Amino acid sequence: MINREKLKPVTARQEDVAFRISNSNIRVDYESRQVFVRDVLHRSNDEPWKSTGIEFGLLPSSAINRRSSRIVDNELLFDLYLRGIDIYANKLTEGKSFHSLIFRWSKIFIKVAEFAWVNGFFNLRDVPAQLWERFYLDIVSGGWTKVLAIEARAISILSANPIPAEDYLDRERNKKKISVHKSFLEILGTNIGGNDINVAKAIILQAADDKSLQNSGDIKRYKLGIRPVTSRSVVYQVLNALDVLAQVDLQKAIINLPGGSRHKFSMNKGRQGSRTTNMDPDTWAKLLVHAYWWIYDISPIVVRFVVALSKAQQKLIASGQGLIQTDHQNSGDRLDLLRELPERALLEKQTGYRITNYLKANCSGKERSVNLILTYLYAACFIVLVSMNGRRKDEIIGRAIGLHTSALKNVDKIFGIFECEFYMEKHINDYRPHYINDVTRMALEVLGQISNIAWLLADEPEKPTKGRERKLFLIPNFLATGDDFNKWFSFGNGTTRIAMSDFILTATGEQVRVTPHMFRRGYGLLYHYRYENAQLVALSQKYGHQDVTQALHYVSDTADTPHERTAIAKWSSPKKTLNSKAASFHLELLEIVQEVGDEKLRKYVSEVVDTARTFSGGFSKLVARFHRKLGGALRYGALDSSQQKKILADTLIARGHETNPYPWGNCMAGNSRKHSACSPGGGEIARENASPATCGRCAYSDTAQVHLESLKTDAKSLEGLITSHAGTLKERLFSEELVDLLKVISFHEARLGGAT
């Protein structure tokens, strides 16, 4: 647990480190030299402050240190680290990835410091331009393995040390898994991880098999690994971290960095990274069919089973036997409780599985645990939710920003219209309501019923979890209570990996790679290639992108491989046929609409000329003015009324006027009329700006009594919304809208002859 008394945002020991951190999301324990970053989005019962790991950073032995030492014990480096992390943190936007970006920057700093030490420079300002240029090229051509000379240093350590190379390896009993002992990395004074450690392990294994090779220290006798080109994104991250260190105080900043664009260098030299691939439509369809089966056919039985098991457990606890912890999960009384449930037999019959235990992940044959059955259902709900709504993984299942038990709202009970409150990452960083389809509603209701049981089991009676903290993807744990024992659904990670693999195999008949982001991309592909009149702007708004080109990447830049080209072809295969049919139908429909519109306009002209009714809106005045103007012409004045009406209507139609209906009135401007009220700066018509208030002052609007009644109905609806959202931001927004609407109603009532 973090010592909160030491986590002060101001310096505790000014005599050691003079720099003062300004960012409130970074805290420093100057006594232990630990630095912490705040997880901006976290659950209330989670620890928000996490160590950046700088206290574990090592420096190799050198002329000033015979042995490896800690970075934080070097005053110059620790001061530079604090200055750099403060600048970098102030550049970042507070969001879900804030702390992970700080972690990544810290790891890069540690390795950059190691690079300087390896090359004999104990102040980063002293590193010459030639060495930085080599750094740039080495990070591209061989990554940190080449930059830090891991192979040469490992060979040198082995030859200089009498300890057999084998002693630096940890082998499991079956000898299949071999790892490098921590002591070797400490002697090496390195901060590498992952694949870079595998490089060192390959050197140690060769030396362990040949004692003379170890003693020789000859790098030419070793078989060295092939170093792949580093991806563009990683190269850019490293260069960007160096740039931050060049922006600190002039007396502290690193200098001599190569000039030019970091982004251009990364793009030109780095390897093109692999984007999320597109899921084959056949695979997606099979997964959705299987998910629908779990939600529509199996979930009612699962809910009954969970409720029954929960009641039976509570009865067992009430009898004084208490909860049995996980190490006794299959003890007799617990298994008897499970076997005796009639709902278990019904669930087994419907699924074809035998439910034999509570928690086991690896089950053979048709045997399954309670946890596996629930994970299958949660997987089905996740696939539906992300497929049908185009959301990111954490926006669905995230412990901090995922869906919560009160996210589902019934907008209209009569018509069965529902909306769901989804968190929108990166740009909006808040929850927003979205209309949803029926299977999404069903998935949310199922998750709500089961997660309520999960929270009942997990919560302490005196401290129940409430509001948005009460997430949907908590799996009931029937073996233990408390937050430490909570089981969260996580697509393909941790304990759910086996369950997800089994779900995919059952659905598709083969083991295919599926990632959560494939469903989000699939949503865009389905919308773009299957629906006519698909607008990229609409897709971008659905995704929550600020830039339309971000959505464009989802549907256009993934045809680089045969698999991708096949997927794109399948998504778009019927489009040409649909386009031709749609175009033909569209032309026919336009002709019909035009005829009806012309007829309505002629009727409207007749009513204005004959003063057959009262009018509100500017267009009746415009028609009357045209009528008077034409009346001054001898030929027009000599015509009878029906002929005058025809000429007047023909003139208006020729000018491009037509009827476009809205709930609050008709727009008679046509498609190319300038200077309408909705036009920005008197330019072309912009109906997306239309509203009751805007149209009410327009020269091309027409409002009749039926429109006025519609406006009054809208006013009553707003009054209801104001009452239901009392005390919220929505109440203020609806109130402002109602004030404007009542002004419009009053205006039209005066024009149309008073209230009705």
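## A tour of charged side chains

Start by selecting Arg468 and Glu421, whose side chains meet in a salt bridge, 2.8 Å from N to O. A salt bridge here is a side-chain nitrogen of Lys or Arg within 4 Å of a carboxyl oxygen of Asp or Glu. Arg468 sits in the loop between α15 (438–458) and β13 (474–475) and Glu421 in strand β11 (residues 417–424), so the pair ties together parts 47 residues apart in sequence. Helices (H or I, at least four residues) and strands (E, at least two) are DSSP runs, numbered from the N terminus. Arg468 counts as partly exposed at 38% relative accessibility, and Glu421 counts as buried at 18%. Buried means under 20% relative accessible area, exposed over 50%, and partly exposed in between (1.4 Å probe, protein chains only).

A word on what is on your screen: this is a predicted model, where local features need pLDDT of at least 70 and side-chain atom pairs count only at pLDDT 80 or more, while totals for chains, interfaces and linings use all residues. Residues are numbered from 1 along each chain as its sequence is written, and side-chain values use heavy atoms, with hydrogens and water left out.

Next, select Arg153 and Glu114. Their side chains form a salt bridge of 2.7 Å, N to O. Arg153 belongs to helix α4 (residues 150–160) and Glu114 to helix α2 (residues 98–118), so this pair ties together parts that are 39 residues apart in sequence. Both ends are buried: Arg153 has a relative accessible area of 13%, and Glu114 is at 0%.

Move on to Lys712 and Glu749, which meet in a salt bridge of 3.1 Å, N to O. This pair links distant parts of the chain, with Lys712 in helix α26 (residues 705–724) and Glu749 in helix α27 (residues 729–752), 37 residues apart. Lys712 counts as buried at 18% relative accessibility, and Glu749 is buried at 18% too.

Now try Asp79, Arg83 and Lys252 together: salt bridges that share partners join these residues into one network. The structure holds 23 salt bridges.

For the last stop, select Arg625, Arg628, Lys629 and Arg655, which form a positive surface patch. Patches are made of residues with over 30% relative accessible area and no salt bridge; like charges are joined within 9 Å, and nonpolar side chains (Val, Leu, Ile, Met, Phe, Trp, Tyr) within 5 Å. Zoom in on Arg628, in helix α22 (residues 619–631). Arg628 counts as exposed, at 59% relative accessibility.

Definitions and conventions. Areas by Shrake-Rupley, 256 points an atom, 1.4 Å probe, with all protein chains shown as cover. Lys, Arg positive; Asp, Glu negative; His and termini not counted. Charge placed at Lys NZ, Arg CZ, Asp CG, Glu CD.
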